[in-house]
Amino acid sequence: MKLKLLSVLVAASAATNAFAADADQKTWEVTSELGAIITSGNTETTTLKGGIKVQHNLEHWNNEYKLDGIYKEDEVEDANGDKNKQRTNEKYSISAQGNYKLNEDHSHLFIYGSHVSDYFGAYRSESVISAGYGLRLLNEKTMWLSAEVGPGYKYFEYPDDSSEIDDNGNSLAGEFEGEVIALGKLDYNWQISESARFTQLVAVEYGDTNTKTRSETALLAKINGSLQMKVAFNVTNNSDVADDKESTDTETSFTLVYSF
């Protein structure tokens, strides 16, 4: 049952060709990403990672939908010396963004919504809705840089084992809070060659309770016309976390990306 949600994600990723339109029209652009690492012997580890990104390009709108998941299980030795498999990471996220094209070249208004379920993160769940303005700052033949900024609202849940307390000394474990936030994002792409592409994404959610910064640095190498190998390094930092939580989480992944 632990793998049920991620299995659905993997199955959906394998079936994304149902959404693809004619390649020349490019009304629909679908990218599915899959990766798995399974080791056995002295150490047993299972890591599964999957994702789907769908872009819908219309005359006045560019819409993007994302679904991602990661699951990790490690063999852990308890105080008695017995080895048991334990879930050590499980996270799922879904998001949607609509970009309304303005008359000005490469500028848009956007509305964005997301939800993250994280069993081992600083917060058990986070939901964000925002709107704002986006502009392409650099637009060269082989590289481009876009920026987005706007206000938003975040509603989040503290983990059940959180040691955080409110101003009155009451435990915040399992409690929900909400706050107005400011969002900013920079998205850089560099087409190094016909077969290699570098990407850098940095996103910040600034609020009174917490400032969350996300970064993904990735290199994609084309294997054939539609299949690529992706190496990515992800960093997530929360400025305010419980004493028993790390403020920074990192993830290095190797996945196969299929685009059509």
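Trainee: Which strand is Glu157 found in?
Mentor: Glu157 sits in strand 7, residues 143-157. Keep in mind that this is a predicted model.

Trainee: Is Glu157 buried or exposed, and how far away is the nearest side chain of opposite charge?
Mentor: The general idea is to look for a nitrogen–oxygen pair within 4 Å. Here, Glu157 is buried yet has no salt bridge. The nearest side chain of opposite charge belongs to Arg124, 5.3 Å away.

Trainee: What does Glu157 touch, leaving aside residues up to four places away in sequence?
Mentor: Its contacts are Tyr123, Arg124, Ser125, Gly174, Glu175 and Phe176.

Trainee: How many salt bridges does a search of the whole structure find?
Mentor: It turns up 10. One of them joins Lys72 and Asp74, with N to O at 3.9 Å. For burial, the idea is that under 20% relative accessible area counts as buried and over 50% as exposed. Lys72 is partly exposed because its relative accessibility is 30%, while Asp74 counts as buried because its value is 16%.

Trainee: Which residue does Lys185 meet in a salt bridge?
Mentor: That's Glu148, at 3.4 Å, N to O. This pair links distant parts of the chain: Lys185 is in strand 8 (residues 176-193) and Glu148 in strand 7, 37 residues apart. Lys185 counts as partly exposed because it has 24% relative accessibility. Glu148, with a relative accessible area of 13%, is buried.

Trainee: And what about Glu205 and Lys154, where do they lie?
Mentor: Their side chains meet in a salt bridge too, 3.9 Å from N to O. Glu205 is in strand 9 (residues 196-206) and Lys154 in strand 7, so the pair ties together parts 51 residues apart in sequence. Both Glu205 and Lys154 are buried. Salt bridges with shared partners also bring Glu126, Lys154, Glu205 and Lys212 into one network.

Trainee: Now for strand pairing. In which sense do strand 11 and strand 12 pair, and over how many bridges?
Mentor: When you read a sheet, remember that in a regular strand the side chains alternate between its two faces. As for the pairing, strand 11 (residues 227-238) and strand 12 are antiparallel, over 11 bridges. For a landmark, take Val231, whose bridge partner in strand 12 is Phe254.

Trainee: How many bridges join strand 1 to strand 12?
Mentor: There are 4, between residues 28-39 and residues 248-259, and these strands run antiparallel. Glu33 has Val257 of strand 12 as its bridge partner.

Note on methods: Residues are numbered from 1 along each chain as its sequence is written. This is a predicted model: local features need pLDDT of at least 70, side-chain atom pairs count only at pLDDT 80 or more; totals for chains, interfaces and linings use all residues. Side-chain values use heavy atoms; hydrogens and water are left out. Two strands pair if DSSP finds at least two bridges between them. Helices (H or I, at least four residues) and strands (E, at least two) are DSSP runs, numbered from the N terminus. Buried means under 20% relative accessible area, exposed over 50%, partly exposed in between (1.4 Å probe, protein chains only). Lys and Arg count as positive and Asp and Glu as negative; His and the chain ends are not counted. Contact means heavy atoms within 4.5 Å.
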